[in-house]
Amino acid sequence: MDRINIIIAESEMGEREKLKSQLAGEQDIQVIGEARDGKECLDLVSRQRPDVVLIKEDLPVLNGLAAAEQITSDFPEVGVILILTGSEGQEVWHKMLRAGIKEFVTRPVTADRLLEEVRKVATLQAKAAKRSGTPTPTQVVVPESPKRRVVTITGPRGGCGKTVIAANLAVALARGSEKVALVDLNLWGGDVAMVLDVQPKRTLGDLLPGFGGIDYDVVDSVMSKHPSGVSVLAAPLTGTFDGSTLSRYMVQSILEALREHYEYTVVDTGYANLESTLAAMDYSDVILVVVGMDLPRLRDGKLYLKNLLAANYPKEKIHVIVNRTSNSKEISSSEVETILEFPVTTQIPSDDALVGSSVNLGQTFVSSNPNKPVARAILALAETVSPSVNNNDGDAGKKRSGRWFSFMQ
């Protein structure tokens, strides 16, 4: 394999030298240029066409994010890794998504973490170049698994019901498959294990760099079995795991291992701007975006969906779930799609009593009360993810016309 040529754009000399020293000594990596500001970075990229450029977000003259956006637009064959401080707000993340920048590292960056990300980005660029026929110094082979699906559940803000939907969807999928996995990527207090009343002996927190690599045997050793047949990879207990150690490469290695052994892998994510969430969405076949029915949440959902599309996530990969709908006259069902400017796949009716009871008892409502409207909505959602799911409860399995799967009483 040829060398990965890199340009570093960093305004502080000491930080540039540190990055260079972290990359030094690697036979497959070569630093071919250094820039002190965003404009100089653009000039270097234009002349030298590196494989990867490392860009500090707050560069002088021309902001690093603006430079990264221009590179992504003008030189799509060049991989961009943004260097962040960790104190950036949602605005920076939204700008990154609009610019199509999904790769970043947060300071302090270890040499291992930096090398991992550089090689990962180079491989992703090689994959894109291979599809387009553009020459590239690296090659990659991506296994195709058309019958196996990774489904990631995300949303623009917390408290939208992602975890309850993820747990019930996984159990619904298990009605038609013996190979369903459920992964809790909510790294700071994920509740999947609690919702399913699973007492895991080991969790995602045990998958730290130290195993010497992630493969199926390693992942399987930390999974727990739910009575429905769903295999659960639980999140670590609050305060016991440093989420920054769960890199993009690690997340995708876990999902790749699960894809090889499960027909369906359902992923419950944490905050929308976490690297682990972006990594899961990048690797997924289906992205379920959960939004609330009130106007502020719908507006957040509209912005989030626009950012996903701007970040080049295929529209056909994204399915919108409107949760906790009611017969409120303030916002009608017909108005929701107009507000979101996006088609809605499923609306899940509000049933606080049933959902609250199911969470407290650790029993999924698709199992305990499959004929309730909220359960029928999840079962129908499972059908959209997998037509093989056998739904024999009343008329919930009948084919429904139109965009919406509506189960209002």
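Reader: How much space lies in the second largest pocket?
Author: About 340 Å³. A pocket here is an open set of points on a 1 Å grid over the protein atoms alone, with protein on both sides within 12 Å along at least five of seven lines. Points are joined across faces, edges and corners, and the volume is the space filled by probe spheres set on them.

Reader: Which residues are closest to its centre?
Author: Of the 22 residues lining the second largest pocket, those are Gly-158, Gly-159, Lys-162, Thr-163 and Asn-186. A lining residue has an atom within 4 Å of a point. Helix α6 (162-173) and α7 (192-195) are the elements that give two or more residues to this lining, and α6 gives the most, with three.

Reader: Before I go on, what kind of model is this?
Author: This is a predicted model, where local features need pLDDT of at least 70, side-chain atom pairs count only at pLDDT 80 or more, and totals for chains, interfaces and linings use all residues. Residues are numbered from 1 along each chain as its sequence is written, and side-chain values use heavy atoms, with hydrogens and water left out.

Reader: Thanks! What about cavities, how many are there of 30 Å³ or more?
Author: The count comes to two. In a cavity, a 1.4 Å probe fits but cannot get out. The largest has a volume of about 60 Å³, and Glu-15, Lys-18, Leu-19, Gln-22, Arg-107, Pro-108 and Val-109 line it.

Reader: How does that lining of the largest cavity divide by class?
Author: Into three nonpolar, one polar and three charged residues. Ala, Val, Leu, Ile, Met, Phe, Trp, Tyr, Cys and Pro count as nonpolar, Asp, Glu, Lys and Arg as charged, and the others, Gly among them, as polar.

Reader: Switching topic: what is the strand order in the open sheet of five strands?
Author: The order is β2-β1-β3-β4-β5, with parallel pairing. Strands β2 (29-35) and β5 (104-106) stand at the edges with a single partner each, so one side of each has no neighbour in the sheet. The twist averages 20° from one strand to the next. Strands (E, at least two residues) and helices (H or I, at least four) are DSSP runs numbered from the N terminus, and two strands pair if DSSP finds at least two bridges between them.

Reader: And which helix lies across β1, β2, β3 and β4?
Author: Helix α1 (residues 13-23) does, running at about 170° to β2. Axes are lines fitted to C-alpha atoms, for helices over the stretch in contact (heavy atoms within 4.5 Å), and angles run from 0 to 180 degrees between N-to-C directions.

Reader: Last one: what is the phi of Arg-49?
Author: Arg-49 has a positive phi of about 45° although it is not a glycine. Its place is in the loop between α2 (38-48) and β3. Arg-49 is partly exposed at 44% relative accessible area (buried is under 20%, exposed over 50%, partly exposed in between, with a 1.4 Å probe and protein chains only). Not counting residues up to four places away in sequence, Arg-49 touches Leu-44, Phe-75 and Glu-77.
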